[in-house]
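Reader: Please take a close look at one part of this model. I would like the ligand site and its surroundings.

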Amino acid sequence: MDPVSQCKTEVDVLWSEEKTLQPPENFKNRANVKDPVIYRQAFQDRLKFWEECARRLDWYQPWDKVLEWNSPFAKWFIGGKLNASYNCLDRHIEAHLGKKIAIYWEGENGNTKALTYQDVYEHVNKMANVLKSMGIRKGDRVAIYLPMVPEAIFAMLACSRIGAVHTVVFGGFSAEALRDRINDAQAKLLITADGGWRRGAMVPIKTMADAALGQTPCIEHVIVVQRIGQDIPMKQGRDHWWHDLWEKAEAYCEPEPMDAEDILYILYTSGTTGKPKGIVHTTGGYLTGVNVTMDWVFDLKSNDVFWCTADVGWVTGHSYVVYGPMSNGVTQVMYEGAPDFPERNRFWEIIQKYKVTILYTAPTAIRAFMKWGVQWPKSCDLSSLRLLGSVGEPINPEAWLWYYENIGHGHCPIVDTWWQTETGAIMITSLPGITAMKPGSATKALPGIDAEILNEEGEIIKEGGGFLSITSPWPSMLRGIWGDVQRYKDTYWSKWQGKSYFAGDGARRDKDGYFWFMGRVDDIMLVAGHNISTAEVESALVDHSMVAESAVVGVSDEVKGQAIVAFVILKDGNRPSKEAEGLLKEHVSQKIGALARPKQILFTSDVPKTRSGKIMRRLLRDVAEGRALGDVTTLADSLVVAELKKQYDEV
Ligand code: WT7
C-alpha cells in the first residue's frame, strides 16, 4: 500500500465533503478580496500578477525581470533593490503611522508593554548601529536565541536593516541544537537573554547559550537582553548587555539597499537525516509573499488587532509575527508564555483585554483547549474576534467545528492555512470573503500558486490521493539549503526530475478541487505542529552509552497530533527499566529540546527491517497504535514484529 492511502483520516466519517459552510454575509460584504476574478487574473498572467503584488512594497530600484527559472533555482524581481526593515518601519512612519501601536506585549508574569511603530523604529535603528559597531556587515550571520520578547522582533529587523542574515533558534531548543545551528551558519554574533518565563518558572536561556558557546569558535560577541534580572555570568570582552549598548547607540541607521535576491534569513528545519536543513529565504520575493498573503488571508483592516500565537523561532513567527504584520503596519499582540498560566483561560483573557480581532493558532492548541473544556473560553468576552486561523498540521473536523462554534461563535470564518518553512508564505487556504469552507480541508491554492496532487510518475490527479506538489515557482519559495546544493536538489526536486516541487505531504483532492491534507509521507513527524525527524531523535538516542540501536515513529496523539514512540535496543550489559526509560527521555530532551522528548520508550531485542536494511516504520506504527499487522513477508525477519507486538501489548 502506498504511504498516502495508509494515512486515511477520520475526515470522511466525520464530515461529508458535500457540505460546505459559506462565509457569513457581513464578512463577505466587507472583505478586502471579494471578487473571485482574482484567481483568473493570476492564472492568465502569473508573472504580471506577482509583479503587481510586489508593488505593494517600497523599492529603491525597480526590477528589470520578474523571474528567472533554471530549475530548481529561481530568482525573482531581478535587479530590484529594497530593504525589509524600511518596509516594516520607515514607510509607516512616513505615512504618519508612527503613533500607531505595533506591539502589545504581554509577559507571562503580567509585565506588559505597548510599543508604537515609532518606538520599534527607534529600537531597531539603535540596535542596527550596535551590530555595525561590533563588526557585523552585510551578509554576516547573526544568531538569535531569545524568548518571546519584543527584542526578538527588534533584533531581526536590526539585522535586515544592515543586510545581516539572521538565523533564529527557537528558545526551547537545547544547547547542542543551538551550537550546531550557530556552527552550520558560521554566525559571528549571538543575541540571547538572561532567561525567560515559562509556566511561572525561569528558563535558564543564558546558561544554555553558554554551554553552546563553549564550542562555537565563530562567535565573537554576545548581546544579552535582560528579561529576568538575575545575576548571571557575563564573559568579559564577549558578553554585553543589550540595554548598555542601546543607551550609547546612535539614533539613526541608514537602511542598506538590498538586492531582491540577497539573503534575508536562514531558518533551520528538520530533515529526514539527523542534520537540520538551513532553509534560505531572500528579500524581495519573500517579503512580497508574506506581505500580500497577510492582507488577503487575514483580510486586514487598519483597526485590526492581530494575534499569531507562534514563537518567532518558527517560520510562522518569521512570516506572521515579524515580516507580514510589520510590513502591513498592523497592530499585533505578542505573548511570552504558556496558554495555561496562571489559568487555562489565559488566551481568552488576552483576547478580551486587547480586543483581538484575528486569532491565528495551531490545531494542537485547539485540541488542548477542547480537552480543558468550554468553561474557559466562556469566562471571557470574545466578541471582538472576526476571523480565525489554523496552521501547523491538518486540523481534524472535530477541532475545526469546536473552534468555529466556541471561539468564533459561528460568525468568524476559519482560514486553515497550509504552508511550510520552505514555502515562506501561506500557499493553500481560503480567501475568507470568497471561499466556502469545508471543516478539515485547507480548501484551495491561493491566486498565483499552482498546486496539484501528483502520483509517483508525476501525473496530475484531479480527484483522489497522492503527493502534494507546487508545479510552478513562487516568489517566497526557499532559494536553497545553506551550504548544501545537492541536498536541496535531492530533497525537493529529484522526485519528478526538477519539474515540480515535492512538499513531502500526502493529500487528497475532492470533486470540488478542495485539498485535504493527510500528513507527511517521509520520516518527519509533526509533534504539536513542529517538524521533528525520526532520524534526529534516533541519533540522539544512540548517542547515549546504553543504546545500541533505535527506531523512532510518530503515533497519533489526541492533543499533539503526533507523539514520539521510540523502540530501543540496549547494548549488552544494560537492562530495560523505568530508570533507563527516564534517563533516555531526558537525554533526548537535552540533545534536541523538550519538544522531542519521547512519550514512550519500548525496549526490544530487534527492530523490523526490510531486506535492504531500512527500518519498517509503518509496522512499528502499527504496533505502537495497536493495529493488526498486515503483510510482513518483505521483512528480513518477520518474527521480530510478532515478538515486538506481544511485548508492546503487554505494556
Ligand atoms: C509541515 C510544514 C507552516 C508553518 C508551520 C509549520 C504541515 C502545516 C498545515 C495545514 C495540514 C499542515 C505539513 C507541512 N502543515 N500547515 N494547514 N494542514 N498540514 O512549518 O515546520 O515547515 O512544517 O506542516 O505537513 O509540510 P514546518
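Author: A backbone N or O atom of Pro394 lies 3.4 Å from a nitrogen atom of the ligand. Polar contacts here are pairs of N or O atoms within 3.5 Å. Glu393 also places a backbone N or O atom 3.4 Å from a ligand nitrogen atom. For Asp416, an N or O atom of the side chain is 2.7 Å from a nitrogen atom of the ligand. The protein covers 96% of the 550 Å² of accessible area that the ligand has on its own; areas come from the Shrake-Rupley method with a 1.4 Å probe.

The model is predicted: local features need pLDDT of at least 70, side-chain atom pairs count only at pLDDT 80 or more, and totals for chains, interfaces and linings use all residues. Residues are numbered from 1 along each chain as its sequence is written, and side-chain values use heavy atoms, without hydrogens and water.

Around the ligand stand 17 residues, each with a heavy atom within 4 Å of it. Asp416, Thr417, Thr421, Asp505 and Arg520 come nearest. The shell divides into 7 nonpolar, 6 polar and 4 charged residues. Here Ala, Val, Leu, Ile, Met, Phe, Trp, Tyr, Cys and Pro count as nonpolar, Asp, Glu, Lys and Arg as charged, and the others, Gly among them, as polar. At least two shell residues come from each of α13 (315–327), β20 (414–417) and β25. Helices (H or I, at least four residues) and strands (E, at least two) are DSSP runs, numbered from the N terminus.

Strand β25 (515–520) is an edge strand, as is β21 (451–454). Their open, antiparallel sheet has 4 strands, ordered β21-β22-β24-β25. Pairing takes at least two DSSP bridges.

Conventions:
Polar contact = N/O pair within 3.5 Å; in protein donor to acceptor, adjacent residues only side chain to side chain.
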